[in-house]
Amino acid sequence: MAQQIPYKIYLSEDEMPKAWYNVRADMKNKPAPLLNPGTLEPMQFDDLRPVFCDELIRQELDNDTAYFEIPEEIRAFYRMYRPSPLVRAYCLEEKLQTPAKIYYKFEGNNTSGSHKLNSAIAQAYYAKQQGLKGLTTETGAGQWGTALSMACAYLGLDLKVFMVKVSYEQKPFRREVMRTYGANVTPSPSNTTNVGRKILEEFPGTTGSLGCAISEAVETAVSTPGYRYVLGSVLNQVLLHQSVIGLEAKAALDKYGIKPDVIIGCAGGGSNLGGLIAPFMGEKLRGEADYEIIAVEPASCPSFTRGRYAYDFCDTGMVCPLAKMYTLGSSFIPSANHAGGLRYHGMSSILSQLYHDGYMTARAVEQTSVFEAAELFARTEGTLPAPESSHAIRAAIDEALKCKQTGEEKTILFGLTGTGYFDLKAYEQYNDGTMTDVIPTDEDLEKGFAGLPKVDK
């Protein structure tokens, strides 16, 4: 008789990962280095010190160390909400009448409602260890800002958050959670920074973007003694910290001898996707196993599927280093869709290199289709998913329906990055039938591509 898989597979605290996994160590083609925007030479440790914490710079630049030990203080914090459950979506499978087996790694069991806390506590910890007074950051939908505000409150650090203006207005309750944890929250672009004023002058009435908010946060960090800037996605160090997601997921699957055929994650800057796929991608890179890995992004901000693989600024104000990535151009400002965490113009250099080398595929999905999947998931599995997470749900449902047509019994794993209880305005629009799909034209994208820096590397 076949072994019955539990609805939820939990690891014990002792089984929680003791080290983060650095997928770069197993990549034949390493991600291209960050470039100094002035000299176009690779950024060195000292170049990055005015912006980032020292230990985080070491993690950012290290392409060879496979495992970084997780400090006991961070593991102690993780124990408040980790290990997170791996859930078998029995009810969704039944509703779809699919032979596919669907699993999801649920990262919403904390007050921030998302996976972002995994890196937030790590970055805040290293800032505290360095003796800093506070941090600055940006946030899109608000999950990262909420997570970092929790981590800073726990460690007694000050925090200044620049929140993308459209999300600041759409999601006042997430803004108030940040303020409750002691963060100062400013809608971006703002009049409080030079770069913010410049952006407002050039784009009056703009709803903002993550690129704008990053510029303001970096300017504030470098001009305020005792502060450093931290980022919730994109950077190598963030994907390193988020590998705890994939390490736990793989350990839970291994307990029952389960091997996924398809692994799916939503993709904005790359933190959740990179964290989920890390150990599986490592096996793929080493030739030990094979998986179909799918990145899912919004059709309104399609950096993988319609972007260019090139060096670009990480921010709209062009004050940050240049990264080689799939990008729509740092001046590209996406429509005010509800998946705020997926509104970044570029993609992680690690994931961009892996995608460029053919280790994963990508697809773009439209907003109304995403919320259709979110509603079906909520009605069957009982959890209201975040709009970002629902991109992965959309693709997982589509893959399961393909199995229904072909009769294949594939095993599907996706990342449920967080909950959507602060996103009810979006659900209201979907339920009222007023939600629309905005997809940039080729002409729109060309405007962003026109601003790409000329880099002969």
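Student: In this predicted model, in which loop is the place of Pro189, and what is the omega of the peptide bond that joins Ser188 and Pro189?
Tutor: Pro189 has its place in the loop between β8 (184-188) and α9 (194-202). Most peptide bonds are trans. The bond that joins Ser188 and Pro189, however, is cis, with an omega of about 5°.

Student: Where is the place of Pro83, and which residue does a cis peptide bond join to Pro83?
Tutor: Pro83 sits in the loop between α3 (72-78) and β4. The cis bond there has an omega of about -5°, and the residue that it joins to Pro83 is Arg82.

Student: What is the phi of Leu40, and is Leu40 buried or partly exposed?
Tutor: Most residues other than glycine have a negative phi. Leu40, found in the loop between β2 (19-21) and α1 (45-48), has a positive phi of about 60° although it is not a glycine. Buried would require a relative accessible area under 20%, and because Leu40 has a relative accessibility of 27%, it counts as partly exposed.

Student: What is the phi of Val234, and is Val234 buried or exposed?
Tutor: Val234 lies in the loop between β9 (227-229) and α11 (236-255), and its phi is near 70°, a positive value in a residue other than glycine. With a relative accessible area of 10%, Val234 is buried.

Student: What is the order of the strands in the open sheet of seven strands, and which are its edge strands?
Tutor: The sheet has mixed pairing and runs in the order β1-β4-β5-β15-β10-β11-β14. An edge strand here pairs on one side only, and this holds for β1 (8-9) and β14 (361-365).

Student: In which sense do β5 and β15 pair, and which residue in β15 is the bridge partner of Tyr104?
Tutor: Strands of a sheet pair through backbone hydrogen bonds, either parallel or antiparallel. Strand β5 (residues 101-106) pairs with β15 in the parallel sense over six bridges. Within β15, the bridge partner of Tyr104 is Phe414.

Student: How many bridges link β10 and β15, and which residue of β15 stands opposite Val262?
Tutor: The pairing of β10 with β15 is parallel and extends over three bridges. The residue of β15 that stands opposite Val262 is Ile412.

Student: Why is strand β15 described as largely enclosed, and which of its residues point the way opposite to Thr411, Leu413 and Gly415?
Tutor: Strand β15 (residues 411-416) is largely enclosed by the rest of the structure because six of its six residues are buried. In a regular strand the side chains alternate between the two faces of the sheet. In β15, Thr411, Leu413 and Gly415 point one way, and the residues that point the other way, likewise buried, are Ile412, Phe414 and Leu416.

Student: How many bridges are there between β10 and β11, and which residues of β11 face Val262 and Ile263?
Tutor: Strand β10 (residues 262-266) and strand β11 (residues 292-298) pair in the parallel sense over five bridges. Val262 has Glu292 as its bridge partner in β11, while opposite Ile263 stands Ile293.

Student: What is the relative accessible area of Val296, and which residues does Val296 touch?
Tutor: Val296 belongs to strand β11, and six of the seven residues of that strand are buried, so β11 is largely enclosed by the rest of the structure. Val296 itself is buried, with a relative accessible area of 0%. Not counting residues up to four places away in sequence, Val296 touches Ile264, Gly265, Cys266, Ala267, Arg363, Val365, His391, Ala392 and Ala395.

Student: Is Leu86 buried or exposed, and how far apart in space are Leu86 and Leu117?
Tutor: Leu86 has its place in strand β4 (residues 86-88) and is buried, with a relative accessible area of 0%. Leaving aside residues up to four places away in sequence, its contacts include Ile9, Tyr104 and Leu413. Leu86 and Leu117 are 31 residues apart in sequence, and their C-alpha to C-alpha distance in space is 18 Å.

Student: Is Glu375 buried or exposed, and which residues does Glu375 touch?
Tutor: Glu375 lies in helix α15 (residues 367-381). Because buried means under 20% relative accessible area, Glu375, at 19%, is buried. Not counting residues up to four places away in sequence, Glu375 touches Tyr430 and Asn431.

Note on methods. Residues are numbered from 1 along each chain as its sequence is written. This is a predicted model: local features need pLDDT of at least 70, side-chain atom pairs count only at pLDDT 80 or more; totals for chains, interfaces and linings use all residues. Side-chain values use heavy atoms; hydrogens and water are left out. Two strands pair if DSSP finds at least two bridges between them. Helices (H or I, at least four residues) and strands (E, at least two) are DSSP runs, numbered from the N terminus. Buried means under 20% relative accessible area, exposed over 50%, partly exposed in between (1.4 Å probe, protein chains only). Contact means heavy atoms within 4.5 Å.
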